[in-house]
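This briefing goes through selected strands, helices and aromatic contacts of the structure shown below. The points are grouped by topic, so that each group can be followed on the model.

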Amino acid sequence: MSPAPAAARTPALVPTHCPYCSLQCGMNLRASGAGTLEIVEREDFPVNRGALCGKGRTAPDVLSSRVRLTGPLVRRPATGRLEPATWEEAFRVTADGLRRARALHGADAVGVFGGGGLTNEKAYALGKFARVVLGTSQIDYNGRFCMSSAAAAHHRAFGLDRGLPFPLEDVPRTGCVVLVGSNLAETMPPALRHLTELRENGGTLIVVDPRRTKTAEQADLHLAPRPGTDLALALGLLHLVVTQGRTDEEFIRARTTGWEEARAAAMAHWPELVERITGVGVPELRAAVDLFCDAPAAMVLTARGPEQQSKGTDTVGAWINLALATGNAGRPLSGYGCLTGQGNGQGGREHGQKADQLPGYRKLDDPAAREHVARVWGVDPASLPGPGRSAYELLDALGRDVRALLLMGSNPVVSAPRAAHVEERLRALDFLAVADVVLSETAELADVVFPVTQWAEETGTTTNLEGRVLLRRRAITPPEGVRSDLEVLHGLAGLLGHEKGFPRDPEEVFGELRRASSGGPADYAGISYRRLEEEQGVFWPCPEAADPARDAHPGTPRLFLDAFATPDGRARFVPVVHREAGEETDAEYPVVLTTGRVVAQYQSGAQTRRVAELNAAAPGPFVELHPRLAARVGVADGEPVAVVSRRGRAVAPARVTETIRPDTVFMPFHWPGEGRANTLTNPALDPVSRMPEFKVCAVRLERPSA
């Protein structure tokens, strides 16, 4: 039988993954002859089984030439405006700007800021570019604002950081889940089915959140603590576990260290004290312990709520202590996990764009790690700079110690804490170059803007919240004036004296990443594009086998079943105690502000705010407040209300609801301008993770005319 005419053939489906959150939902793409994309369900991928949220369904809209960048822009001195330029000019102006800052002020006067949405290949190449080409220690990324506290707590307790130590498919099969500070019904809707199936299977769900969110509505028990008191709550629960004799003493003896100190710290947090601190009643505390300890296996999952605090590492550590004390770690269908946020938030923190890190999750101050990676890169280990500033500290240093910045895949004008100050620092730079798919609020401040490919226009790998390495496949050709981030780094490296070492082909970059990560905590050496094409992703660590053709390593879906990744194989209890937030309420600022996301927008909104369907569902910022608080302020639902902190003022319509605590207001952080939530937030940093305190700050409410 002869093949159908070309015009009658159905275009082939390209299996790939969503460009947004850390679920990395599977989807199929079908490209038309006109260059448009159709999303087709991909039911075989276990994370989402075909389900997509509105952001995933509308992802192709961001690739439209009507909303995205299609050519380089350079700021003209004569007009002060960004105007079209050739790629050659954009490369030359950027190389000159970076070179000039280094010559005048030293290597660390040049900074690099990356993003948790960059593919593994891009994140790896960006870290190498900073340290080899620029010779700077000043590199970090916006993932510092997302998962860094959980990552630090993971390392302290388990010796290894992977968001989830088990696949999501295990969640419906456990007995109880404690979900702390996550509204995943809105932030990652396809994951909600795992919690629904948990309850259908007879399991129970406890949700900890100061708001009665759509996720909390699904819970068997909802605990609504005052923002910033999650640490006290976890300690109070552990106190009850101890006093009720519900610890797993055999597990503690066989598989942990440090219990005596951690237990003593918890015993200072008796239930009545915890009730006074958190606002959660003692009967609710006891009910939570009963649900958690009565289950044959249980999990604790945290997200940004407890993590984005100036005590986030200790807070997560307290929840880990609860899991360890009850034997709910290192066993099937149990454990602690972090619901990583950004699309490649896991892989983005593994391969070198963090201030203190080398590929494979190696430490930059480890001589053996420096030796290994330097050998792969063909440089002297002594030439590699040491650790630099964390994300907020780097942004705060702009225009002073750091005079030029290359920024990829981030929009800190909207997403950073104390955002008005960060915007001022960006404007104070001698030179700023931004690579992005759209003209974000940060790109609008740049001297050079590189238009880059995204998602369906390129091939590359990401690592989802489970530690599952995935392959995104190119489905369409990008516009003629658009190039990949790898091509940007290749072009700049050549002009700065490094014509080799920065390939444009992502598979070639991934091959080098495999060698650089080999033997490290996040070992990708046994993963190849071929395997990723044939399998539903591969879980790291996956070392290279002696004979990969015959006995390839299967990957590691479930961590810690035999031993934890510490030198002695035991998990570590870390003694922690409750302490106040970096900024508590007072007579002048009597209300707590907490921030978060809504279902129809994503992160800084740079992409989703350009999609008509999503904007119709979530057209702008708002201030969620309780009716009693609204009455005190004298504001009605839908009327503008001003929220004022020590850092600035934001104005947005009031959304009056009984689903939030009377002492708390909530604002989503997706928008710039007058309603920018991060104008208000506090950059107080966690001493371990350097995470800013997005989730807690003191504010007052006013009518805008006040």
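Two strands are taken to pair if DSSP finds at least two bridges between them, and the pairings described here are to be read in that sense. The model is predicted, and every value below is computed from it. Strand β6 (residues 110–114) is joined to strand β16 (residues 404–408) by four bridges, the two running parallel, and within this pairing Phe 113 stands opposite Leu 407 of β16.

**The seven-stranded sheet**

- The strands β6 and β16 belong to an open sheet of seven strands with mixed pairing, whose order is β5-β4-β18-β17-β16-β6-β7.
- Because β5 (82–84) and β7 (139–141) each have a single partner strand, they stand at the edges, and one side of each is left without a neighbour in the sheet.
- From one strand to the next, the twist averages 15°.
- Helix α2 (residues 87–105) packs on this sheet, where it touches β4 (73–75), β6, β16, β17 (431–436) and β18 (448–451), and its direction makes about 130° with that of β18.
- Helix α19 (residues 485–495) lies across β16, β17 and β18, and runs at about 150° to β16.

- Strand β23 (residues 591–596) is mostly covered, with six of its six residues buried.
- Val 591, Leu 593 and Thr 595 point one way from β23, whereas Val 592, Thr 594 and Gly 596 point the other way, and all are buried.
- With strand β30 (residues 697–702), β23 pairs in the antiparallel sense over three bridges, and Ala 698 in β30 is the bridge partner of Val 592.
- With strand β27 (residues 664–668), β23 pairs in the parallel sense over five bridges, and Gly 596 stands opposite Pro 668 in β27.

**Strands β12 and β13**

- Strand β12 (residues 298–302) and β13 pair in the parallel sense over four bridges, and in β13 the bridge partner of Val 300 is Tyr 336.
- From strand β13 (residues 335–338), Gly 335 and Gly 337 point one way and Tyr 336 and Cys 338 the other way, and all are buried.

**Helix α7**

- Helix α7 (residues 230–243) has 14 residues and reaches 20 Å from its first C-alpha to its last, which is close to the 20 Å expected at 1.5 Å a residue.
- Of the 14 residues of α7, 12 are buried, among them Asp 230, Leu 235 and His 239.
- Just after α7, Gly 245 takes a positive phi of about 70°.

**Aromatic and charge–ring contacts**

- A search of the whole structure finds 14 aromatic pairs, one of which is edge-to-face because the rings of Tyr 20 and Tyr 602 have their planes at 65°, with their centres 5.2 Å apart.
- This pair links distant parts of the chain, 582 residues apart, with Tyr 20 in the loop between β1 (13–17) and β2 (26–31) and Tyr 602 in the loop between β23 and α23 (612–617).
- Tyr 20 counts as buried at 3% relative accessibility, and Tyr 602 is buried with a relative accessible area of 12%.
- The rings of Phe 510 and Tyr 529 have their centres 5.4 Å apart and their planes at 45°, so this pair is tilted.
- Phe 510 and Tyr 529 are both buried.
- Trp 87, Phe 91 and Phe 450 form one aromatic cluster.
- The charged end of Lys 128 sits over the ring of Phe 502, 5.0 Å from its centre, while Arg 162 lies over the face of Trp 540, at 6.0 Å from the ring centre.

Definitions and conventions: Residues numbered from 1 in each chain as written. Predicted model: local features only at pLDDT ≥ 70, side-chain atom pairs only at ≥ 80, totals over all residues. Heavy atoms only, no water. Axes fitted to C-alpha atoms, helices over the stretch in contact; angles between N-to-C directions. Contact = heavy atoms within 4.5 Å. Buried < 20%, exposed > 50% of the residue type's maximum accessible area, 1.4 Å probe, protein only. Expected span 1.5 Å × (residues − 1). Phe/Tyr/Trp six-rings, centres within 6.5 Å; stacked < 30°, edge-to-face > 60°. Lys NZ or Arg CZ within 6 Å of the ring centre and 35° of its normal.
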